[in-house]
Amino acid sequence: MIKNYLKIAWRNMLNNKVYSALNIVGLAAGMAVALLIALWVVNEYSYDKFLPGYKSLYQVELNFTDPHEGEHTQQAVSLPIADVLRKQYPEVKYVAESDWMGQHDLLIGAKKLYMNGGAVGSDFLKMFQYPLIKGNVNSVLKDAFSIVLTESTAKALFGDADPMGKMVKIDNKYNLKVTGILKNVPKNATLQFNYLMPFSFNEQTQDWMKTARTTYYNNSFQIFVQLKPGVDYAKLAPKIRNIVYNGGPKMRPVKPAVLFHPVADWHLYSEFKNGKESGGFIDYVRMFSIIGILVLVIACINFMNLSTARSEKRAREVGVRKAIGSQRKDLIFQFLTESVLITFIAFLLSVVFVQLALPSFNDLTGDAVSVPYSDPIFWVIMITYVLATGLVAGSRPAFYLSSFNPVKVLKGTIRVGRAAALPRKILVVLQFTCSIALIISTTIVYQQIQHAKDRPTGYSADRLVTTDMSDDLNNHYDALKNDLLQTGTVESVAKASSPVTGVYWHTGIEKWAGQEPGELAINVGAVLVSDSYFKTVGMKLKEGRDFSSAWSADTSNVIINEAAVKRMGLKQPINQIITFDGINGPSRIIGVVKDALMDSPFTPVEPTVFIHGRGGNFALYRLSASANAHKAIEKIGKIFDRYNPAYPFSYRFVDNEYNQKFSLEVLVGKLAGIFAGLAIFISCLGLFGLAAYVAEQRTKEIGVRKVLGASIGQVWLLLSRDFIFLVMISCLIASPLALYFLHGWLLKYDYRISIGPGVFVLSAIAALIITIITISFQAIKAALTNPVKSLRSE
């Protein structure tokens, strides 16, 4: 029987090639979108879950609550927290400090590689059990002057030779012995690195680290913990909350609360409210999951509409089958079998679509999504997916067609097509409501990105370049600066502890003029800068003076931004005295700089203090307006190579770094636009099929009207107005729905647009134009048909 059903289904597809193609292509496109999004969602949820015991792993974070600045949570914490957790909390099994140092130079003879790595506590690899190919997990990080390489890094440095026990020079200064080889870190790991060094290496080689163990103000590190089996974090949380707050009267920032962030939530949950996870990338994962379902529903609606619209063609078959004894359940089973067959063909085509789209999709998202063909579970899920989609898509046609009265059908007294008109119209409205809502969403996301990009940054990123500093460059900074200026391609040079697009050190101002009794310290960003910093980056002084070129003249002076002035309530900030951790003794304010966007372009500028310092992690230099960028970089590279021979010269344009701050929003906008386009395409396929059906059903009417003098425009309007009316209803429904959800999304940003009526009007016009273009082909084709042929066909 099933074989017979499949044969009939196949014959029906061949006899109705156009409608079958519309059904299959539309369904395949919807299934491809849903499958692609599902693969991406699974990949996003898989982050860090490959680690054994990941459920007991956490990162220590700080949640700050300030009555003036509100609440924020940060991953950068101070080292005393690690010591307290080790000594005072038996629930904690392991604690590992870390300092993710960015890129450093690894040298083997003449070979040098510039790679990302970190310094971690000795228990790190006991907690994060990345597969260790060579070495003992209990000893690989024991010696301060040792290093653990990933497999690819070891291959790049040593080729096929065994690297164990051999020496690697880091930053052309220290020799480290290779004590372990790790498998390459998976793409779906939050922590990405090429090598690991003991945290004790930093403590022994960097002078500033000597005081880091004694102050809660130096929030420059990341700390990880693993809880003992059976420990409930919910019960531990109240105990650890006030570790920093109780650190001592001289070590009390702004009501900081210590919390543990589960490793399983790192990738998806980065936002906190009242010290608890409140969202993050998970919001977008959920959003696109919903979009995938909606696009699939739109494709299923196409199938339902086209199947029920063609019901007249199958009515006599149903009548004959019922007359010779077929039960309704048999007919339902037959039509569902046909639906599953079409869905299976569409699924095969959707897999082809997904495979073709994956390279571009991975380039866009930066992920490594793939179809797991060899995984049996995947195929079990796909079979279920095909059956579920086929049953959903075929349910309405099956129950509708099987309900025909055989007597009326065989007598020809039933007009079966019209009986399904209202449900069909409702489904069309639903289709276009989803599609128009996606168009509106894409437009709003784009407007929000442009709004933030147009926000004044407070500095000039034009021709501004940054290069990572090393010890050699810091030691020869004055000579480096002079040589760069003498090339004629560089206008100004400076160095700083943070890039222009970020603040890497936070501390607390403990005392300031006008401080109210009992008022706690202010959490501020702190940046060590050289003279000429503000000139180089283009920040403008509002009042006061810049740092002197003589370093010793301003060792106890600072410059603050407008946000810091406002936070402290200073009416006359120049020459006021402030005290904060990180500077020996009181500091005098000698200048106020205008606010600049050094962090997120979507949030208010945070209070920031600029300190005149000798050291610096980043060199900043502005190219001359008349200089050719390519030739200028070539000249500059030779100078850096002269003073920094151990490092390969690298550089980054600040405007590109600033644009990276919009990467998530740009990704969301592009994906939303692509899926909105696909949703419209699928909806238009269905609309095209319905328009063809309506034109076919009204062939005789159109012929009569033309004989009586109807024009082409009148016939076009006759066939088009119903569809245009349905799309207009969709616009009216989609607009408030989109407004509701987009308003909630925009509330995540302090700096955001206001949603005006223009976006809804333009989206409605776009939807109407697309609709008119889609149906006009069939409408005009019907209007141009010779009425003699139309009437003769009847």
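Author: A polar contact is a pair of N or O atoms within 3.5 Å, where within protein one must be able to donate a hydrogen and the other to accept it, and residues adjacent in sequence count only if both atoms are side-chain atoms. This is a predicted model, in which local features need pLDDT of at least 70 and side-chain atom pairs count only at pLDDT 80 or more, while totals for chains, interfaces and linings use all residues. Residues are numbered from 1 along each chain as its sequence is written, and side-chain values use heavy atoms, with hydrogens and water left out.

Reader: Which backbone nitrogen does the side chain of N628 reach at 3.0 Å?

Author: N628 is found in the loop between β23 (618-623) and α19, where helices (H or I, at least four residues) and strands (E, at least two) are DSSP runs numbered from the N terminus. Its side chain reaches the backbone nitrogen of H630 at 3.1 Å. At 3.0 Å, the side chain of N628 also reaches the backbone nitrogen of K631.

Reader: Is N628 buried, partly exposed or exposed?

Author: Buried means under 20% relative accessible area, exposed means over 50%, and partly exposed lies in between (1.4 Å probe, protein chains only). The C-alpha atom of N628 is separated by 8.1 Å from that of T489, 139 residues apart along the chain. Because its relative accessibility is 44%, N628 counts as partly exposed.

Reader: How are α16 and α19 oriented to each other?

Author: Two packed helices are described by the angle between their axes and the distance between the axes. Here the axes are lines fitted to C-alpha atoms, for helices over the stretch in contact, and angles run from 0 to 180 degrees between N-to-C directions. Helix α16 (residues 477-486) and helix α19 (residues 629-643) pack at about 160°, with their axes 10 Å apart. Since angles under 35 degrees count as roughly parallel, over 145 as roughly antiparallel, 65 to 115 as roughly perpendicular and the rest as oblique, α16 is roughly antiparallel to α19.

Reader: How many residues of the contact of α16 with α19 are charged?

Author: Contact means heavy atoms within 4.5 Å, and this one is made by A479, L480, D483 and L484 of α16 with I636, I639, F640, R642 and Y643 of α19. Ala, Val, Leu, Ile, Met, Phe, Trp, Tyr, Cys and Pro count as nonpolar, Asp, Glu, Lys and Arg as charged, and the others, Gly among them, as polar. The residues divide into 7 nonpolar, no polar and, as charged ones, 2.

Reader: What is the orientation of α14 and α23 to each other?

Author: The axes of helix α14 (residues 421-453) and α23 come within 7 Å and cross at roughly 40°. The residues of their contact divide into 19 nonpolar, 5 polar and 1 charged. At that angle, α14 and α23 are therefore oblique.

Reader: Which residues is S735 in contact with, leaving aside its neighbours within four places in sequence?

Author: S735 lies in helix α23 (residues 712-746), and at 16% relative accessibility S735 counts as buried. Beyond its neighbours within four places in sequence, S735 is in contact with I440 and F760.

Reader: Which backbone oxygen does the side chain of S350 reach?

Author: S350 has its place in helix α10 (residues 328-365), and at 0% relative accessibility S350 counts as buried. Not counting residues up to four places away in sequence, S350 touches A28, M31 and A32. At 2.6 Å, its side chain reaches the backbone oxygen of F347.
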